Amino acid sequence: MIIIMLGAPGTGKGTVGNLLALKLKIPHISSGEIFRAYINSDDEIGKEVKSYVSEGKLVPDELTIRILEKRLQEPDIQNGCILDGYPRTARQAESLDTLLKAQKRSVKVAVNLSLSDDEIVDRITKRRTCPNLECREIYNLDFKIPKIENICDKCGTELVIREDDNEATIRKRLENYHNISENLIEYYQHKDILYTVKLNNESNKVSSDIAKEIEEYLKK
Ligand code: ADP
Ligand code: ZN
(Lines give C-alpha, C1' and ligand atoms only; values in the text may rest on other atoms or scores of the structure.)
(Ligands and ions follow the chains in the order given, each with its own letter.)
Protein backbone atom coordinates (compact mmCIF):
# COMPACT_ATOMS: atom_id res chain seq x y z
CA MET A 1 0.00 0.00 0.00
CA ILE A 2 1.52 3.31 -1.08
CA ILE A 3 0.33 6.37 0.81
CA ILE A 4 1.43 9.93 0.07
CA MET A 5 1.46 12.56 2.78
CA LEU A 6 0.64 15.97 1.29
CA GLY A 7 0.40 19.21 3.23
CA ALA A 8 2.47 22.29 3.93
CA PRO A 9 5.58 22.16 6.13
CA GLY A 10 4.65 22.04 9.79
CA THR A 11 1.31 20.31 9.40
CA GLY A 12 2.60 17.17 11.09
CA LYS A 13 3.17 15.05 7.99
CA GLY A 14 6.31 13.56 9.51
CA THR A 15 4.79 12.62 12.85
CA VAL A 16 1.57 11.27 11.38
CA GLY A 17 3.49 9.48 8.63
CA ASN A 18 5.70 7.81 11.22
CA LEU A 19 2.71 6.58 13.23
CA LEU A 20 0.94 5.28 10.13
CA ALA A 21 4.07 3.44 9.04
CA LEU A 22 4.30 1.71 12.43
CA LYS A 23 0.62 0.74 12.36
CA LEU A 24 0.70 -0.54 8.79
CA LYS A 25 4.17 -2.08 9.19
CA ILE A 26 5.58 -0.43 6.11
CA PRO A 27 8.58 1.92 5.85
CA HIS A 28 8.23 5.67 6.33
CA ILE A 29 10.16 7.42 3.60
CA SER A 30 10.73 11.10 4.24
CA SER A 31 12.48 13.08 1.51
CA GLY A 32 13.48 15.72 4.08
CA GLU A 33 15.10 13.05 6.29
CA ILE A 34 16.92 11.58 3.30
CA PHE A 35 18.21 15.03 2.40
CA ARG A 36 19.30 15.73 5.98
CA ALA A 37 21.26 12.47 5.97
CA TYR A 38 23.03 13.60 2.78
CA ILE A 39 23.75 16.98 4.41
CA ASN A 40 25.27 15.24 7.46
CA SER A 41 27.49 13.09 5.28
CA ASP A 42 28.96 16.34 3.94
CA ASP A 43 29.96 14.94 0.53
CA GLU A 44 29.43 16.71 -2.81
CA ILE A 45 25.73 15.85 -3.07
CA GLY A 46 25.33 16.80 0.60
CA LYS A 47 26.81 20.23 -0.03
CA GLU A 48 24.60 20.80 -3.02
CA VAL A 49 21.47 19.69 -1.14
CA LYS A 50 22.39 21.91 1.80
CA SER A 51 22.60 25.01 -0.36
CA TYR A 52 18.89 24.64 -1.14
CA VAL A 53 17.50 23.23 2.10
CA SER A 54 19.15 25.81 4.35
CA GLU A 55 17.45 28.58 2.38
CA GLY A 56 14.05 26.96 2.32
CA LYS A 57 14.30 26.30 -1.41
CA LEU A 58 13.16 23.11 -3.06
CA VAL A 59 15.94 20.80 -4.13
CA PRO A 60 15.81 20.74 -7.98
CA ASP A 61 13.58 18.07 -9.50
CA GLU A 62 16.32 16.24 -11.33
CA LEU A 63 18.38 15.60 -8.21
CA THR A 64 15.33 14.92 -6.02
CA ILE A 65 13.88 12.43 -8.47
CA ARG A 66 17.23 10.66 -8.87
CA ILE A 67 17.66 10.25 -5.11
CA LEU A 68 14.06 9.23 -4.39
CA GLU A 69 13.75 6.84 -7.32
CA LYS A 70 16.82 5.02 -6.08
CA ARG A 71 15.22 4.69 -2.64
CA LEU A 72 11.90 3.53 -4.13
CA GLN A 73 13.53 0.59 -5.86
CA GLU A 74 14.90 -0.92 -2.66
CA PRO A 75 13.42 -4.26 -1.61
CA ASP A 76 12.00 -3.16 1.77
CA ILE A 77 9.13 -1.29 0.17
CA GLN A 78 7.65 -4.24 -1.68
CA ASN A 79 4.58 -4.12 0.56
CA GLY A 80 4.32 -0.38 0.22
CA CYS A 81 5.45 2.70 2.08
CA ILE A 82 4.42 6.05 3.46
CA LEU A 83 5.84 8.75 1.22
CA ASP A 84 6.31 11.90 3.25
CA GLY A 85 7.43 15.03 1.42
CA TYR A 86 7.68 13.39 -1.98
CA PRO A 87 6.31 14.20 -4.51
CA ARG A 88 6.27 17.97 -4.05
CA THR A 89 6.12 19.18 -7.66
CA ALA A 90 4.05 18.14 -10.68
CA ARG A 91 7.15 16.73 -12.33
CA GLN A 92 7.95 14.61 -9.30
CA ALA A 93 4.36 13.34 -9.19
CA GLU A 94 4.41 12.39 -12.86
CA SER A 95 7.73 10.66 -12.51
CA LEU A 96 6.46 8.73 -9.48
CA ASP A 97 3.42 7.59 -11.47
CA THR A 98 5.68 6.37 -14.26
CA LEU A 99 7.91 4.48 -11.84
CA LEU A 100 4.96 2.84 -10.05
CA LYS A 101 3.31 1.94 -13.30
CA ALA A 102 6.47 0.11 -14.38
CA GLN A 103 6.34 -1.72 -11.05
CA LYS A 104 2.64 -2.47 -11.65
CA ARG A 105 1.66 -0.51 -8.57
CA SER A 106 -0.22 2.68 -7.80
CA VAL A 107 -0.83 5.20 -5.03
CA LYS A 108 -3.66 4.12 -2.74
CA VAL A 109 -4.39 7.48 -1.15
CA ALA A 110 -2.89 10.96 -0.93
CA VAL A 111 -3.52 12.41 2.52
CA ASN A 112 -3.76 16.17 2.65
CA LEU A 113 -3.19 17.72 6.09
CA SER A 114 -4.51 21.27 5.97
CA LEU A 115 -3.66 24.07 8.42
CA SER A 116 -3.53 27.89 8.14
CA ASP A 117 -0.17 29.60 7.51
CA ASP A 118 -0.17 31.49 10.83
CA GLU A 119 -0.78 28.31 12.75
CA ILE A 120 1.97 26.61 10.77
CA VAL A 121 4.52 29.31 11.63
CA ASP A 122 3.51 29.04 15.28
CA ARG A 123 3.98 25.28 15.22
CA ILE A 124 7.28 25.21 13.41
CA THR A 125 8.93 27.78 15.64
CA LYS A 126 7.98 25.55 18.59
CA ARG A 127 9.21 22.38 16.93
CA ARG A 128 12.15 20.48 18.41
CA THR A 129 13.67 17.47 16.70
CA CYS A 130 15.68 14.52 17.93
CA PRO A 131 18.83 14.50 15.77
CA ASN A 132 19.50 10.79 16.41
CA LEU A 133 18.89 9.31 12.94
CA GLU A 134 17.71 6.05 14.47
CA CYS A 135 15.03 7.92 16.46
CA ARG A 136 13.99 11.19 14.77
CA GLU A 137 11.17 11.86 17.26
CA ILE A 138 9.51 15.25 16.76
CA TYR A 139 8.37 17.42 19.71
CA ASN A 140 6.33 20.60 20.09
CA LEU A 141 6.72 22.97 23.03
CA ASP A 142 2.93 23.41 23.24
CA PHE A 143 1.44 19.99 22.73
CA LYS A 144 4.19 17.40 22.70
CA ILE A 145 6.52 18.51 25.44
CA PRO A 146 9.55 16.36 26.29
CA LYS A 147 9.44 15.03 29.87
CA ILE A 148 12.90 16.40 30.63
CA GLU A 149 13.53 19.83 29.14
CA ASN A 150 15.17 19.57 25.73
CA ILE A 151 15.90 15.83 26.02
CA CYS A 152 14.35 13.16 23.80
CA ASP A 153 11.95 10.92 25.80
CA LYS A 154 12.76 7.97 23.61
CA CYS A 155 16.55 7.96 23.37
CA GLY A 156 17.92 10.63 25.70
CA THR A 157 19.58 12.67 22.95
CA GLU A 158 19.59 16.45 23.27
CA LEU A 159 16.91 17.97 21.04
CA VAL A 160 17.73 20.49 18.33
CA ILE A 161 15.96 23.16 16.33
CA ARG A 162 16.26 22.22 12.69
CA GLU A 163 18.47 24.71 10.91
CA ASP A 164 15.66 25.50 8.47
CA ASP A 165 13.04 26.02 11.21
CA ASN A 166 13.47 29.79 11.52
CA GLU A 167 10.75 32.24 10.57
CA ALA A 168 12.36 33.58 7.37
CA THR A 169 12.96 30.08 5.99
CA ILE A 170 9.52 28.92 7.05
CA ARG A 171 7.90 31.80 5.13
CA LYS A 172 9.97 30.83 2.08
CA ARG A 173 8.92 27.18 2.40
CA LEU A 174 5.27 28.22 2.71
CA GLU A 175 5.58 30.37 -0.39
CA ASN A 176 6.97 27.36 -2.29
CA TYR A 177 4.19 25.26 -0.92
CA HIS A 178 1.46 27.60 -2.14
CA ASN A 179 3.11 28.28 -5.51
CA ILE A 180 4.22 24.77 -6.34
CA SER A 181 3.27 21.88 -4.08
CA GLU A 182 -0.33 22.85 -3.37
CA ASN A 183 -1.16 22.05 -7.00
CA LEU A 184 -0.72 18.39 -6.17
CA ILE A 185 -3.97 18.48 -4.20
CA GLU A 186 -5.81 18.94 -7.47
CA TYR A 187 -3.63 16.35 -9.18
CA TYR A 188 -4.66 13.63 -6.71
CA GLN A 189 -8.22 14.92 -6.38
CA HIS A 190 -8.50 14.42 -10.11
CA LYS A 191 -7.39 10.81 -9.68
CA ASP A 192 -10.04 10.51 -6.97
CA ILE A 193 -7.59 9.38 -4.29
CA LEU A 194 -7.41 12.52 -2.13
CA TYR A 195 -8.27 12.44 1.55
CA THR A 196 -8.20 15.79 3.38
CA VAL A 197 -7.90 16.24 7.15
CA LYS A 198 -8.65 19.81 8.27
CA LEU A 199 -6.59 20.84 11.27
CA ASN A 200 -6.40 23.80 13.61
CA ASN A 201 -4.30 24.43 16.67
CA GLU A 202 -7.34 24.82 18.94
CA SER A 203 -8.83 21.39 18.32
CA ASN A 204 -7.06 18.91 20.53
CA LYS A 205 -6.55 16.51 17.68
CA VAL A 206 -3.16 14.97 18.27
CA SER A 207 -1.13 13.04 15.72
CA SER A 208 -2.31 9.67 17.00
CA ASP A 209 -5.97 10.72 16.46
CA ILE A 210 -5.17 11.77 12.92
CA ALA A 211 -3.29 8.55 12.19
CA LYS A 212 -6.25 6.57 13.55
CA GLU A 213 -8.68 8.54 11.39
CA ILE A 214 -6.62 7.80 8.28
CA GLU A 215 -6.35 4.13 9.20
CA GLU A 216 -10.16 3.93 9.53
CA TYR A 217 -10.53 5.61 6.17
CA LEU A 218 -8.18 3.05 4.60
CA LYS A 219 -10.37 0.20 5.82
CA LYS A 220 -13.39 1.50 3.90
P1 ADP B 1 9.04 20.50 5.76
O2 ADP B 1 7.90 19.71 5.20
O3 ADP B 1 8.83 20.93 7.17
O4 ADP B 1 9.52 21.60 4.87
P5 ADP B 1 10.91 18.35 5.12
O6 ADP B 1 11.76 17.66 6.11
O7 ADP B 1 9.86 17.58 4.40
O8 ADP B 1 10.29 19.55 5.92
O9 ADP B 1 11.82 19.05 4.00
C10 ADP B 1 12.90 19.87 4.34
C11 ADP B 1 13.50 20.49 3.09
O12 ADP B 1 14.00 19.48 2.22
C13 ADP B 1 12.54 21.29 2.23
O14 ADP B 1 12.39 22.62 2.69
C15 ADP B 1 13.24 21.23 0.87
O16 ADP B 1 14.34 22.12 0.84
C17 ADP B 1 13.79 19.83 0.85
N18 ADP B 1 12.84 18.87 0.24
C19 ADP B 1 12.19 17.87 0.88
N20 ADP B 1 11.43 17.17 0.04
C21 ADP B 1 11.59 17.72 -1.20
C22 ADP B 1 11.07 17.45 -2.50
N23 ADP B 1 10.20 16.44 -2.71
N24 ADP B 1 11.48 18.23 -3.52
C25 ADP B 1 12.35 19.23 -3.33
N26 ADP B 1 12.87 19.56 -2.13
C27 ADP B 1 12.51 18.81 -1.07
ZN1 ZN C 1 15.42 10.44 20.21
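Is Cys155 buried, partly exposed or exposed? Cys155 is partly exposed, with a relative accessible area of 33%; here buried means under 20% relative accessible area, exposed over 50%, and partly exposed in between (1.4 Å probe, protein chains only). This is a predicted model, in which local features need pLDDT of at least 70 and side-chain atom pairs count only at pLDDT 80 or more, while totals for chains, interfaces and linings use all residues. Residues are numbered from 1 along each chain as its sequence is written, chains are lettered from A and ligands numbered from 1 in the order in which they are written, and side-chain values use heavy atoms, with hydrogens and water left out.

- Cys130, in the loop between strand 5 (127-129) and strand 6 (138-140), and Cys155, in the loop between strand 6 and helix 7 (167-181), are 25 residues apart and link distant parts of the chain. Helices (H or I, at least four residues) and strands (E, at least two) are DSSP runs, numbered from the N terminus.
- Cys130 counts as buried, at 3% relative accessibility.

**Salt bridges**

- The structure holds 20 salt bridges, each a side-chain nitrogen of Lys or Arg within 4 Å of a carboxyl oxygen of Asp or Glu.
- Asp165 pairs with Arg127 in a salt bridge whose closest N and O atoms are 3.0 Å apart. Asp165 lies in the loop between strand 6 and helix 7 and Arg127 in strand 5, so this pair ties together parts that are 38 residues apart in sequence.
- Asp165 is buried at 4% relative accessibility, and Arg127 is buried with a relative accessible area of 14%.
- Arg173 also forms a salt bridge with Asp165, at 3.3 Å between the closest N and O atoms; Arg173 counts as buried at 11% relative accessibility.
- Lys219 and Glu216 form a salt bridge with closest N and O atoms 3.4 Å apart. Both residues lie in helix 9 (residues 207-219), three residues apart, about one turn of the helix.
- Lys219 is exposed at 61% relative accessibility, whereas Glu216 is partly exposed at 43%.
- Salt bridges that share partners join Arg127, Arg162, Asp164, Asp165 and Arg173 into one network.

**Second largest pocket**

- The second largest pocket has 18 lining residues, of which Arg36, Asn40, Val160, Arg162 and Glu163 lie nearest its centre. On a 1 Å grid over the protein atoms alone, a pocket is an open set of points where a 1.4 Å probe fits, with protein on both sides within 12 Å along at least five of seven lines; lining residues have an atom within 4 Å of a point.
- Its volume is about 350 Å³, taken as the space filled by probe spheres set on the points.
- Helix 2 (31-41) and helix 3 (44-53) each supply at least two lining residues, and helix 2 gives the largest share, four residues.
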